[in-house]
Amino acid sequence: MITSTSNPQVKNLQQLGRKAKLRNEQDVFLVEGTKMYLEAPAERIRKVYLSQSLYEEKGESFVKGHDVEILEDRVFAAACDTKTPQGVLCMVQQYHYRLEDLLKKKNPLLMILENLQDPGNLGTILRTAEGAGVTGILMDRECVDVYNPKTIRSTMGSIYRMPFVYVEDLGKGIQDLKDKGITTYAAHLEGTNSYDEEDLTNPCAFLIGNEGNGLRREIADMADCYVKIPMLGQVESLNAAIASSVLMFEAARQRRKV
């Protein structure tokens, strides 16, 4: 049992939670909580850390034969990102998807994200994307790290199932999709058509921009069409995750009727 916060493993866990560079170097990310642990693909779990109290409650069967380390409760709390940890923390191997992986399923439905900065927004988009039947997510390197602990928590397990790719050149990534027959729609205040007036039953992708500034003009102009979400009252725009959800589920609604 680890009883000191100065233990090298504890120090490493703390650093992994804070530094994307270290997560990438070790090719892992951290997940907290019983739900996230139980949903994690067994073959990707590198190590499991349990609090002493949870281990005494659940016993050996809870860890399913994984490499496990027991931490004294106060040490476990120090290693976690959450204020009220549930007693289980996992080190999971990162995913390495390619653009082709986003297009494997028939009739692709994609999200293209530019410079999203809020971890909760990105995590919510991943979670909603799974529920709406999205086949993959394309992001530029300016987007927040998908393995940020706050993003991971917001995905509620969808991180294990939703393919995603970061690209160095988002414009090239968009063009590659267009070359493969994907129709692209930019969510934009200058859109003339409402999002629900478009035919979203064929292969398509939505472009979503930065929370404060929206899409850069050069990226927005690569879209085949600008679309808007009509607003009432004095509201001009929606939160990036909410706007994404509206668009994704409209596509899902149309596709259910085909």
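Two strands pair if DSSP finds at least two bridges between them, and strands (E, at least two residues) and helices (H or I, at least four) are DSSP runs numbered from the N terminus. This is a predicted model, so to speak of a local feature takes pLDDT of at least 70, side-chain atom pairs count only at pLDDT 80 or more, and totals for chains, interfaces and linings use all residues. Residues are numbered from 1 along each chain as its sequence is written, and side-chain values use heavy atoms, with hydrogens and water left out.

Start with strand β6, residues 136-140.

Click M111: its bridge partner in β6 is I137. The chain gets from β5 to β6 through helix α6 (residues 119-132), in a right-handed β-α-β crossover (clockwise from the first strand over the helix to the second, with the strands pointing away from you).

Now select strand β7, residues 164-167, which pairs with β6 in the parallel sense over 4 bridges. Here D140 has V167 as its bridge partner.

Which residues have the most contacts inside the largest nonpolar core? Pick F29, L113, I137, I159 and F164, in a core of 54 residues (buried Ala, Val, Leu, Ile, Met, Phe, Trp, Tyr and Cys joined through side-chain atoms within 4.5 Å). Helix α10 (residues 240-256) gives the most to this core, with 7 residues.

Terms used:
Buried < 20%, exposed > 50% of the residue type's maximum accessible area, 1.4 Å probe, protein only.
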